[in-house]
Amino acid sequence: MATEKKSADFLKQGGILAIASLFVRFIGLIYRIPMSNILGEEGNGIYAVAFEIYDLILIISSYSLPLAMSKIISAQTVKKEYKNTSKTLQVGMIFALISGGVFGGVLLFGAGIIEKYIYPEYVGVHIPLRVLAPTVLIVAFLGVFRGFFQGKKTMMPTAVSQVIEQVINAVVSVVASYLFMKWTIGDTFNAAWGAAGGTLGTCLGAAAALLLLVFLISIYRPVLRKNETADRTGHVDSTGYLFRVLLLTILPVILSQTVYNISGLIDYKVFGYFSAQSGMHTVDIKSLVGVYSSKYRVMCSVPIALSTALASSMIPSAVAAFTEKDYNHLRYSISSVVKFNMIIAFPCFVGYTVLGMPIIKLLFSSNYILGGKLLVVGSLAIVFYALSNVTGGALQSINRMSLPVIHSAISLAIHVVIVVIFVKYTAFGIYALLVGNITFPIVVWLLNLLALKRHIPGGYTQEVLKTFIAPFAASVWMGIATLFTYEFLGLVTNSNVIRTLISLAVAVPVYFVALLLLRTVTRDELVEFPFGYRLYALAKKLRLMPS
């Protein structure tokens, strides 16, 4: 019971970050609909490739900074080395300036080379890449500040800054995409300029979030000074030492995340290369990649983002437990986040399988048939990405930083072979990318799980019945009720909008009731969910949970 209470704070903080991530992804989904329709499939293809390249540069330069800063600051705070935390913040900003500046320059001046020699099938991709270049530096500083606050076990600054970032991003992306395409009508690179409008929103959104965090850090400075005064350890590491610690903490994360994200770039290259070899026109290649990225991957990114947020929220608590050798708390932290993830991932998987086509048709005006089929066939990946994210975060928390890298590299090697075989030797076409997208996280998860069992003292075993079987069973009942509702409404109306919205409205309470009837969560677990006390009050009123 003490362990559960001790974990309550990190679950609440994880809930805050999960809600923010859900809201951010919802905004992202909403603005991608008009932007996708403005850009067309060719523009979406260019936008997707540009963003995969940008993501890779971001990962190498700064994407791992929040996690690394969080891990270091958390360990220092447990030891009450408050002067060290302030010094680490300073070193983090120096690191951000160097890494963000260098790699932002690489993207700015190397965009033409990247297009000419690596992605010639995606003509025009150099334009959005150059617009994205300043964002690399901005996001580097964002990562330092977010990681600092997360290391202090407060997710609110990260959550609020993410929401502000996405709101600005959404407005600017849609408006700029429209205006850039309007201003360049008749230009050979019209679709590429439209994609550049979308990337401008990313840059300005990140800048707005950075301004907020700079303001919050300035407000927090008196607290920092007070803690420094109260520091009785007298321990302050040198700048060089902290820089090395930060670099050594970041490097395995960089390698791991690089391997994770490079799979998308490899997929686009393999598909583009072999499709061009078979005679497919470059416009058709970009269009198919556009459907895959703007419909399937965008829809799957929403629940996957929640798992990433929960994994991030787990790290400070898990690091503290590991540092204090409280292995019961460590195991509880990991198992709780895995369970919470499955409660989210399974209904998303089943819901997309049942209503994938109607949902895509509801949201997108073009090529919704292919987009819907991709979502129906490939939604299983959501479950395994959730599992691989959490188990990878758990390994990083117990100082096994190299293992997620090795596991991701093994999975990537298998992934490349699978994608090449299915693209080159089968008639799967764009569906070949789904096969790789599903198998990749499965291999990573299994390898991560075996490593956790080996390296956590006393071992690690994930409870199965209430973590996997019960949420899946509840999701199946939800899927049956949802499909029945959609088909029944078809007898009354031909409106896909009405049928889909009502079916989704039915899905939520059915899943909630089924989850509780199967005794999937306890009272203590439920109240730690976002809006948990309200959910518990409702469950008690419906007599679905004992007092």
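Biologist: How many helices and how many strands does the protein chain have?

Modeller: Helices are counted here as DSSP runs of at least four residues and strands as runs of at least two. On that basis the protein chain of this predicted model comes out with zero strands and 17 helices.

Biologist: Why is the protein chain described as being as compact as a globular protein of its length?

Modeller: Along the principal axes, the C-alpha atoms fill a box of roughly 70 × 60 × 40 Å. The globule rule gives 24 Å for 547 residues, and the chain is therefore as compact as a globular protein of that length, since its radius of gyration is close to that value, at 23 Å.

Biologist: What share of the contacts with a separation of 6 or more joins residues 24 or more positions apart?

Modeller: A contact here requires heavy atoms within 4.5 Å. Among the contacts in the protein chain with a separation of 6 or more, the share from residues 24 or more positions apart is 82%.

Biologist: Which helix gives the most to the lining of the second largest pocket?

Modeller: This pocket, with a volume of about 410 Å³, is lined by 20 residues, and Lys71, Ile72, Ala75, Lys79 and Val245 lie nearest its centre. Helices H2 (65-78), H7 (239-277) and H8 (282-323) each supply at least two residues of the lining, and the one that gives the most, with five residues, is H7.

Biologist: Is Gln277 buried or exposed, and what distance separates its C-alpha atom from that of Lys424?

Modeller: Gln277 lies in helix H7, and because exposed means over 50% relative accessible area, its value of 56% makes Gln277 exposed. Although Gln277 and Lys424 are 147 residues apart along the chain, their C-alpha atoms are separated by 9.5 Å.

How values were computed. Residues numbered from 1 in each chain as written. Predicted model: local features only at pLDDT ≥ 70, side-chain atom pairs only at ≥ 80, totals over all residues. Heavy atoms only, no water. 1 Å grid on protein atoms, 1.4 Å probe; cavity = no way out; pocket = protein on both sides within 12 Å on 5 of 7 lines; lining within 4 Å. Points joined across faces, edges and corners; volume = space filled by probe spheres on them. Rg over C-alpha atoms; globule rule 2.2 N^0.38 Å. Buried < 20%, exposed > 50% of the residue type's maximum accessible area, 1.4 Å probe, protein only.
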